[in-house]
Amino acid sequence: MIAAENLTKNYGRTPVLRGLTLRAEPGEITLLVGANGAGKSTTMKVLAGLIRPGGGRATVHGLDVVTDRINAQRLLSYLPQSPSFHLRLTCAEVLRFYARLRGVIVSRCDAMLELTGLSEVARVRTGKLSGGMRQRLGLALLLLADAPVLLLDEPGLSLDPSWRKRLQGTLQFEAQRGKTVLITTHLVAEWNGVADRCLLCGDGVIERELDPTDLPHDFGDSTSSLHECDREMPSPVSVENELRSIVSI
Amino acid sequence: MNFALSSPFETHALHALLAREFRAALINRYFHVFCALALIGGATAVLFSEDTNATGFFILQIALYFVSLFALLTGVSSAQGEREEWPLLFAQPVGRGAFVIGKFCALFLIFGGVLLLLFLPALVTGSAATMLLRLYFQTLLLAAAFVSCGLVAGFLANDRSQALIIGVSAWLFLLFGVDLMALFAARWPLLQSVPDLWVAALMLNPLDAFRIEALFALQQIPAEAANKTPLAAWWIDHAALWFSAIAVMWTLALIAFSAFRLERWEE
C-alpha cells in the first residue's frame with residue numbers, strides 16, 4: 001500500500017506539491033492524472049525515494065520513503081517517464097545488472113525479454129534502441145524484481161497502441177496478484193475501465209476522484225488509434241497465460 | 001534522507017556494480033587507447049634510457065603527467081557516463097554510496113592491470129625490480145587519488161563539460177598551481193621565518209608528495225639537498241610512508257565526499 005500525507009515540495013521558490021494526500025491500495029490500479037505541472041511526476045519521485053519532500057510523509061507498506069528509504073525501495077519498482085540505460089551495454093546486460101543489483105535470479109531476465117518482445121534485440125546495445133523499445137526495456141526492469149508496489153510515470157508515451165494495450169493487460173494481471181499499481185498519465189481515456197481508481201491532481205494537491213469507468217479525454221487523446229489496433233492485439237487470456245508462466249520463475 | 005552507508009557493502013550489489021564497470025571499461029575505446037599508450041610509454045622508457053634509474057625517472061614523468069590526468073578523466077567519464085540513468089539506478093534498494101565504492105573499486109583494479117603495461121617492459125628488461133615495483137604501487141596509489149578526484153568532479157557537475165572543466169582545473173592546480181603559489185609565497189616574511197609552513201603545503205599535495213618520494217627513491221636528488229628544516233628532514237626520511245598516507249587520505253576523503261554528494265542528489 002502507498003500512503004502520502006500532506007506532501008509539500010518546492011523547486012526553488014516555486015511550490016510544486018502543496019499538501020498532497022493520497023492512498024493506493026493493493027490489488028488496485030490507481031491512476032494519478034492531471035495536466036502538465038500538476039505535480040504527478042514529483043509525487044512519483046518522492047514515492048520512489050528520488051527526492052525529499054519539503055514536508056509531509058510518504059510510506060510504502062508502512063515504511064517511510066525518507067527515513068527508511070532503502071527498505072521502502074525494496075518493496076517497489078519504479079519506471080521513470082523516459083528511462084535511460086547505459087548506452088554501451090546490451091539489453092540483456094542491463095537486465096542482468098539490475099537483477100544482480102536487486103538479488104533477483106538472473107534466469108528471470110530471459111522471461112522478461114520474452115514478455116516485452118525484446119528477445120531478438122537482447123544483444124543489441126541500448127543506445128541503438130528506439131524510444132518504444134527503451135520503454136519496453138524499462139517495463140521489463142519494472143517487472144523483473146516482482147516487487148509488491150509498481151510506480152509508473154507516464155508509461156505509455158513512447159509505446160505504440162498495441163504495446164500500450166499489452167501494458168494495461170500486464171498491469172491488470174499484476175494488480176490481480178495483489179500488487180499496488182500507481183500510474184501517472186495524461187492519456188486518461190485509454191484507462192477507461194482498466195483502472196480501479198482515478199485521482200485528479202492539480203496545483204500540487206489531489207483535487208477530486210474521478211469515476212474510473214467514465215474517464216474524460218481532457219488530458220490527451222489517442223484512443224482512436226488504440227481501438228483501431230484492437231484486432232491485432234493478443235487476447236487478454238493469452239497475455240495472462242504468458243504472465244502466469246513467468247510468475248512461476 | 002538518511003545518509004545510508006549501511007548497505008553499500010551488500011555483496012550482490014557490489015558484485016553487480018563491479019561487473020558492470022569492468023564490462024563498460026572493456027568496451028571503452030579510451031581505455032584501449034590508454035592501454036596502448038601505457039605500453040608504448042613503458043617501451044619508450046626502456047629504449048631511450050641508459051640505466052634502470054633513468055628508466056624509473058622516465059616512468060615517473062609519465063606517471064606525473066599522463067597517469068594522473070588519465071585517472072582523473074576516467075573518474076569523470078565513469079561518474080558522468082550514466083548520469084541519465086540515475087533516476088532508475090537510485091530507485092533501486094541500494095545505498096548510493098555503493099555506486100561510488102563500486103565504481104572506485106572497479107577502476108582501481110582496472111588501473112592496477114593497465115599500469116602493469118607501463119611497467120612491464122622495464123620489469124622484463126631491467127634489474128632493479130624492487131625499485132620498479134615500489135614505483136608501480138606508488139603510481140597506483142596516485143591513480144587512485146586522481147580517480148577519486150575525477151569521481152568528485154563527475155558527481156558535482158551537472159554535465160560532462162562542466163565535470164571536465166572542474167576536473168582538469170583541479171589537476172592543473174595540483175600539478176602547477178600549488179607549486180607556483182608556494183614559489184610566490186616563499187617571498188613572504190612569515191614563510192621565511194617558519195619555512196615548515198611552506199614545506200607542509202607541498203606535503204599535502206599528492207603530486208608533490210609523489211614527485212619528492214619518487215625523486216629521492218630514484219636518487220635523482222641527494223637527500224641533503226632538501227634537508228633544511230625539521231619537517232623537510234622528517235618528510236625525506238619518511239617520504240614513501242608519507243606519500244602512501246597522503247594518497248590514501250585524499251582517496252578516502254574524496255570517495256566519502258562523492259558518496260555524500262550523491263546521497264544529496266535530487267533529480
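**View 1. Surroundings of D64(A) in the predicted model.** D64(A) touches R57(A), A58(A), T59(A), R69(A) and A72(A), where residues up to four places away in sequence are not counted and contact means heavy atoms within 4.5 Å. The model is predicted: local features need pLDDT of at least 70 and side-chain atom pairs count only at pLDDT 80 or more, whereas totals for chains, interfaces and linings use all residues. Residues are numbered from 1 along each chain as its sequence is written, chains are lettered from A and ligands numbered from 1 in the order in which they are written, and side-chain values use heavy atoms, with hydrogens and water left out. D64(A) belongs to strand β5 (residues 63-64) of chain A; helices (H or I, at least four residues) and strands (E, at least two) are DSSP runs, numbered from the N terminus. With a relative accessible area of 12%, D64(A) is buried, the classes being buried under 20%, exposed over 50% and partly exposed in between (1.4 Å probe, protein chains only). Its side chain makes a polar contact of 3.0 Å with the side chain of R57(A) and reaches the backbone nitrogen of V66(A) at 2.7 Å. A polar contact is a pair of N or O atoms within 3.5 Å; within protein, one must be able to donate a hydrogen and the other to accept it, and residues adjacent in sequence count only if both atoms are side-chain atoms.

View 2. D146(A), which is not a glycine, has a positive phi of about 55°. D146(A) is found in the loop between α5 (131-144) and β7 (149-153) of chain A and is partly exposed, at a relative accessible area of 30%. E154(A) likewise has a positive phi, near 45°, and sits in the loop between β7 and α6 (161-176) of chain A. E154(A) is buried, at 4% relative accessibility.

**View 3. The contact of chain B with chain A.** Chain B supplies 36 residues and chain A 30 residues. About 3,200 Å² is buried between the chains, 55% of it from carbon and sulfur atoms; buried area is the accessible area (1.4 Å probe) that two parts lose on being put together, summed over both. There are 4 salt bridges between the chains, each a side-chain nitrogen of Lys or Arg within 4 Å of a carboxyl oxygen of Asp or Glu. E93(A) and R23(B) form a salt bridge, with closest N and O atoms 2.5 Å apart. The elements giving two or more residues to the chain B side are α1 (11-26), α4 (86-89), α5 (96-125) and α12 (239-264) of chain B. The largest share, 9 residues, comes from α1(B).

**View 4. V100(B) in helix α5 of chain B****.** V100(B) is buried, with a relative accessible area of 0%. Neighbours within four places in sequence aside, V100(B) is in contact with L151(B), F155(B), I255(B), S258(B), A259(B) and L262(B).

**View 5. Helix α10 (residues 206-217) of chain B****.** Because 10 of its 12 residues are buried, α10(B) is largely enclosed by the rest of the structure. Its buried residues, among them F210(B) and F216(B), pack against α3 (52-81), α6 (129-156), α7 (160-185), α9 (195-204), α11 (230-237) and α12 of chain B. N205(B) caps the N-terminal end of α10(B), a side-chain oxygen lying 3.1 Å from the backbone nitrogen of L207(B).

Methods
Expected span 1.5 Å × (residues − 1).
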